[in-house]
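Please open the structure in a viewer and keep the selection panel at hand.

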Amino acid sequence: MPDLLKPAFFTVVMARLRSEGSGVKPGPVLILGIEMANRRASAVLKRQLKTRARLWPDVRSEELWSLDNEGWAPLPRLMPLMMSIMDDLAGKGTPVSRVYLELWSRLREEAFLSLGNAQEMAFHAGFEGQRALRTWRDRVARLAELGFIELKDGPFGEQSYALFPNPYHVVKRHFLKGNVQERKWQALLVRAEEIPALDIDDIDDQGNLILEEEDDPKESEKPEKRIIRRTVKRPAK
């Protein structure tokens, strides 16, 4: 029986390695961590499959969607709660979560998207009729105002290209400004600890991004490397 968790796990690990620069090779500690995590994931999967078999003894795996299938997009486990938060931030009558989800479903690892086929995306997000495209563009603009996407103009007008900052970072910055409901923020924190999703800790209490980097490339040739933690201030909008 295939381990459905392995493809997703290795996708995340390799994406992080690539993001840290070319030529990065996983060392023995990382490889051991991957193996241990996959053993734990395999044990959890086996227990879940046994439970499913008891509850639905006649179901066949071929009837269910699997990570082994083509045509899927990775997304944070806390996306539903963050979508609820972004709708709160957008205000009554202008929900933006469906638009955000439609955009996110088209993303790849580069976190960047061309918005040329706006009419199609608007329809997929549930907007129909004469005002569909206008409503879509209004919601895209609102997402940009809230910081969930960044827009650049180009051949398709002011909304030609979109960049997608880490939504955990965006939500935390809004919380620091007092814009997020306390109960939803607490729910986000608790669930993030359970997953775990440590992205929230990337932002300090002033809303700045915390980075870790080597102070000198030559230091990599030495047995020990000194890590500098510095903050990157986000330009005010």
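This is a predicted model: local features need pLDDT of at least 70, side-chain atom pairs count only at pLDDT 80 or more; totals for chains, interfaces and linings use all residues.

**A nonpolar surface patch**

Begin by selecting Leu 55, Trp 56, Val 59 and Leu 64, which together make a nonpolar surface patch of about 390 Å². Is Leu 55 buried or exposed? Its relative accessible area is 56%, and Leu 55 therefore counts as exposed, the cut-off being over 50%.

**Two packed helices**

Next, select α4 (97-104) together with helix α6 (residues 132-146). The axes of α4 and α6 lie 9 Å apart, and the two helices pack at an angle of about 85°. Because of this angle, α4 is roughly perpendicular to α6. To view the contact itself, display the side chains of Val 99, Tyr 100, Glu 102 and Leu 103 in α4; these residues meet Trp 136, Arg 139, Val 140 and Leu 143 in α6.

**A positive phi**

Proceed to the loop between α4 (97-104) and β1 (112-114), and select Ala 111 there. Although Ala 111 is not a glycine, it has a positive phi of about 55°. Ala 111 has a relative accessible area of 22% and is therefore partly exposed.

**A cis peptide bond**

For the last stop, select Ile 195 and Pro 196. What kind of peptide bond joins Ile 195 and Pro 196? The bond is cis, with omega about -5°. Pro 196 is placed in the loop between α8 (182-194) and β4 (209-214).

Technical notes
Residues are numbered from 1 along each chain as its sequence is written. Side-chain values use heavy atoms; hydrogens and water are left out. Patches are made of residues with over 30% relative accessible area and no salt bridge: like charges are joined within 9 Å, nonpolar side chains (Val, Leu, Ile, Met, Phe, Trp, Tyr) within 5 Å. Accessible areas come from the Shrake-Rupley method with a 1.4 Å probe; for residues, only the protein chains shown count as cover. A salt bridge is a side-chain nitrogen of Lys or Arg within 4 Å of a carboxyl oxygen of Asp or Glu. Buried means under 20% relative accessible area, exposed over 50%, partly exposed in between (1.4 Å probe, protein chains only). Helices (H or I, at least four residues) and strands (E, at least two) are DSSP runs, numbered from the N terminus. Axes are lines fitted to C-alpha atoms, for helices over the stretch in contact, and angles run from 0 to 180 degrees between N-to-C directions. Angles under 35 degrees count as roughly parallel, over 145 as roughly antiparallel, 65 to 115 as roughly perpendicular and the rest as oblique. Contact means heavy atoms within 4.5 Å.
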